[in-house]
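Subject: Structure handover

Hello,

Here is the structure for you to look through, followed by what was found in it. Please keep it open while you read.

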Amino acid sequence: MCNLYSLTKGQAAIRGWFDGIDDQTGNLPPMPGIYPDYAAPVVRHGDGGPVLEMMRWGMPSPAFALKGKKTDRGVTNIRNIASPHWRRWLGAEHRCVVPFTAFSEPLNRPGERSRPVWFALGEDRPLAFFAGVWTQWTSVRKLKDGETTDNRFGFLTTEPNAEVGAVHPKAMPVILTEPAEWLRWMTSPWSEARLLQRPLADGALELRDGPV
């Protein structure tokens with residue numbers, strides 16, 4: 001499960017892919033390590049067009065996962081889109097894309113310490129996007145903060161391609177590499193958008209030494 005990714009391209013690179021985007025992120029520094037519950041940039045629908053804003057990584061958890069718990073740490077990766085819990089956020093108004101330049105999966109081998117293995121679309125780590133969903137939600141993420149209302153996001157996963165499967169055989173993020181794909185994800189009826197929940201072609205990703 002992807003719980004660490006990086007974004008090392010500047011916000012101008014993100015803005016360049018979306019006509020008339022409203023950038024609300026301020027001065028966005030390189031982010032070589034984005035972990036669950038971190039604030040990270042997301043592109044969503046706005047009243048006047050696409051909006052680039054910071055959201056917390058982790059969608060609301062299903063009720064069964066919160067039994068006996070005082071906090072909701074959130075769900076970063078979403079696989080079962082047939083679940084009623086997730087269906088409420090699959091309409092175009094809740095779909096978003098999450099920019100990244102590399103992501104990691106943990107390599108776990110018997111007798112060895114777990115370590116992250118990084119994947120990118122090329123040596124220069126070109127910009128790409130995860131297919132995500134978002135919502136505004138009120139809950140207790142951390143006891144010390146109490147109840148907060150946040151815009152939250154997560155992204156879809158699917159079966160892995162060859163490169164990711166060699167490290168993490170269960171899943172990989174749903175990755176969009178072309179403008180037509182993220183436009184389709186953000187605007188198409190669900191019957192069309194859902195077809196994008198598929199792995200990248202084998203050979204599309206490269207293993208890298210780190211996030212930058």
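A pocket, as used here, is an open set of grid points with protein on both sides within 12 Å along at least five of seven lines, and its lining residues have an atom within 4 Å of a point. Keep in mind that the model is predicted.

The pocket

The second largest pocket has a volume of about 160 Å³. Its lining is made up of W17, F18, D19, H45, P50, P179, W182, L183, M186 and T187. Helix α4, which covers residues 179–187, gives the most to this lining, with five residues. Sorted by class, the lining has seven nonpolar residues, two polar and one charged.

The nonpolar core

In soluble globular proteins, nonpolar side chains tend to be buried together. In this model the largest nonpolar core has 53 residues. Y5, F18, V97, F103, F153 and W185 are the residues with the most contacts inside this core. Strand β10, residues 128–140, supplies the largest share, six residues.

What does W185 touch, if residues up to four places away in sequence are not counted? The list is R95, C96, V97, A131, G132, V133, L156, L176, W190, A193 and L196.

Aromatic rings

A pair of aromatic rings is described by the distance of the centres and the angle of the planes. The count for this model comes to 18 aromatic pairs. One of the pairs is W57 with F153: the ring centres are 6.3 Å apart and the planes are at 10°, so the pair is stacked. The cut-off behind that word is an angle under 30 degrees. This pair links distant parts of the chain, since W57 is in strand β5 (residues 49–57) and F153 is in strand β11 (residues 147–158), 96 residues apart.

Are these two residues buried or exposed? Buried means under 20% relative accessible area. W57 has 0% relative accessibility, so W57 counts as buried. F153 also has a relative accessible area of 0% and is therefore buried. Both residues belong to one aromatic cluster, formed by Y5, W57, F100, F103, F119, F130, F153 and F155.

Two residues with positive phi

D37 has a phi near 75°, a positive value in a residue other than glycine. D37 lies in the loop between β3 (31–34) and β4 (39–46). The relative accessible area of D37 is 19%, so D37 is buried.

R125 is not a glycine either, and its phi is positive at about 50°. R125 is found in the loop between β9 (115–120) and β10. Its relative accessibility is 9%, so R125 counts as buried.

R208 lies in strand β14, residues 206–208. With a relative accessible area of 22%, R208 is partly exposed. Leaving out residues up to four places away in sequence, R208 touches W118, A120, G122, E123 and R125. R208 and A102 are 106 residues apart along the chain, and their C-alpha atoms are separated by 8.5 Å.

P30 sits in the loop between β2 (22–23) and β3. Exposed means over 50% relative accessible area, and P30, at 59%, therefore counts as exposed. Apart from its neighbours within four places in sequence, P30 is in contact with L7 and T8. From C-alpha to C-alpha, P30 and G10 are 6.6 Å apart in space, and they are 20 residues apart in sequence.

M31 is found in strand β3. At 13% relative accessibility, M31 counts as buried. Not counting residues up to four places away in sequence, M31 touches Y5, S6, L7, A39, A40, P41 and M54. M31 and A193 are 162 residues apart in sequence and 29 Å apart in space, C-alpha to C-alpha.

R88 is in the loop between α2 (84–87) and β7 (95–100). At 44% relative accessibility, R88 counts as partly exposed. The residues R88 touches, beyond those up to four places away in sequence, are H94 and W137.

Regards

Methods
Residues are numbered from 1 along each chain as its sequence is written. This is a predicted model: local features need pLDDT of at least 70, side-chain atom pairs count only at pLDDT 80 or more; totals for chains, interfaces and linings use all residues. Side-chain values use heavy atoms; hydrogens and water are left out. A nonpolar core is a set of buried Ala, Val, Leu, Ile, Met, Phe, Trp, Tyr and Cys residues joined through side-chain atoms within 4.5 Å. Buried means under 20% relative accessible area, exposed over 50%, partly exposed in between (1.4 Å probe, protein chains only). Helices (H or I, at least four residues) and strands (E, at least two) are DSSP runs, numbered from the N terminus. Contact means heavy atoms within 4.5 Å. On a 1 Å grid over the protein atoms alone, a cavity is a set of points where a 1.4 Å probe fits but cannot get out, and a pocket is an open set with protein on both sides within 12 Å along at least five of seven lines; lining residues have an atom within 4 Å of a point. Grid points are joined across faces, edges and corners, and a volume is the space filled by probe spheres set on the points. Ala, Val, Leu, Ile, Met, Phe, Trp, Tyr, Cys and Pro count as nonpolar, Asp, Glu, Lys and Arg as charged, and the others, Gly among them, as polar. Rings of Phe, Tyr and Trp (its six-membered ring) pair if their centres lie within 6.5 Å; planes under 30 degrees apart count as stacked, over 60 as edge-to-face and the rest as tilted.
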